[in-house]
Amino acid sequence: MIYLYIKYNIKLKMKLKTEKLFALAAVIAANLSYGALRSYASEPGDKNSRSSYSNPVCARSLADPTVIQAEDGTFYLYATAHNVSIMKSSNLVDWEAAGTAFTNETRPDFVPKAGIWAPDINKIGDKYVMYYAMSVWGGEWDCGIGCAVADSPAGPFTDCGKMFNSKEIGVRNSIDPFYIEDGGRKYLFWGSFHGIFWVELSGDGLSVKAGCKPVQVAGNAFEGVYILKKGGKYYMFASVGSCCAGASSTYTTVVGRSDSLFGPYTDKAGRPMLQNHYEVLIHGNEVFAGTGHNAEIVTDDSGKDWILYHAFDRSAVEVGRMLLLDRVMWKKSWPYVKDAQPSSDADAPVFLPARH
């Protein structure tokens with residue numbers, strides 16, 4: 001009887017162990033199936049010399065990306081997540097995880113139970129300054145914008161707290177910050193489907209300049225604004241449509257142009273973005289949906305411009321909004337992306353070896 005009992009228990013433990021191994025294998029397969037099949041394999045040699053790439057360039061959830069190049073040439077990317085995801089790359093194509101901007105103990109908390117959305121990274125003086133939004137779905141009058149600082153783009157970031165919330169600034173749905181310097185002054189643009197606004201900041205960029213009031217610069221169709229100054233013109237990139245409905249997402253990256261940072265921004269026909277006019281830069285296709293909330297445009301060492309943005313892969317929406325990359329070209333002083341849609345396979349950006 002004792003012999004049979006021991007034999008039974010040994011078989012049972014072996015069975016349970018086998019089941020756990022199969023379960024673990026299934027989890028690994030689920031995570032690798034998309035990344036291995038859709039994400040491109042690294043080419044041999046120096047990653048800076050990669051000749052081509054495939055979208056997505058990172059098959060994990062990296063919504064609302066923002067990017068900066070460090071002094072050693074490394075690119076750091078930040079994305080919406082509980083504590084803000086940080087990724088790094090030498091070439092905009094091969095990305096690896098680099099931790100988070102905050103921990104559960106250091107993350108901001110001026111909006112209770114809120115997520116940290118749409119970071120915007122900059123270098124101001126000798127500090128890396130990250131602006132961010134705190135919000136919950138539907139909390140359009142309770143959300144707000146804060147900032148954090150670090151000595152290194154890898155962090156850790158020290159939160160400086162709230163700059164303002166929707167009620168205080170008088171702008172509904174105050175999220176999606178974007179920082180820019182122009183004429184020796186510092187400005188913050190922001191907004192989401194209730195107008196795009198700007199306000200001047202203090203000398204250190206960490207607060208609103210005393211006495212300054214928000215000024216509207218674009219209409220209610222837009223969010224996720226980014227402005228590029230190029231050739232004496234200002235280009236306002238933004239997103240329209242639904243961001244987060246999986247394969248049904250209609251998010252689209254659009255652009256308008258102005259002779260001044262403060263507008264008026266118009267489409268090619270001269271119709272104002274204040275009246276919700278724009279030119280389409282990138283829309284979805286049969287593979288990707290919800291192509292929007294672009295990062296800063298990066299110019300490679302051959303002089304070509306590149307744009308990072310997020311999108312859902314229609315065949316793997318459960319992964320989240322993945323990171324995509326495309327070349328931005330110019331015609332008659334207007335930006336465009338080939339076929340106005342995500343590429344599948346394309347020539348890669350050109351970057352010289354890292355400046356260590």
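**Hairpin.** I began with E2 and E3, which form a hairpin with five residues between them. In the turn, Gly73 has a positive phi of about 95°. I noted that strands are DSSP runs (E, at least two residues), numbered from the N terminus. Strand E2 covers residues 66-69 and strand E3 residues 75-79, and they pair in the antiparallel sense over four bridges; pairing requires that DSSP finds at least two bridges between two strands. I also looked up Gln69, whose bridge partner in E3 is Phe75.

**Ground rules.** This is a predicted model: local features need pLDDT of at least 70, side-chain atom pairs count only at pLDDT 80 or more, and totals for chains, interfaces and linings use all residues. Residues are numbered from 1 along each chain as its sequence is written, and side-chain values use heavy atoms, with hydrogens and water left out.

I found a volume of about 350 Å³ for the largest pocket. Its lining has 20 residues, and Trp117, Trp137, Ile175, Glu223 and Cys243 are the closest to its centre. (On a 1 Å grid over the protein atoms alone, a pocket is an open set with protein on both sides within 12 Å along at least five of seven lines, a cavity is a set of points where a 1.4 Å probe fits but cannot get out, and lining residues have an atom within 4 Å of a point.)

**Cavity.** I found one cavity of 30 Å³ or more. The largest cavity holds about 100 Å³ of space; of its 15 lining residues, Asp120, Pro177, Val225, His293 and Asn294 are the closest to its centre. (Volume here is the space filled by probe spheres set on the points, with grid points joined across faces, edges and corners.)
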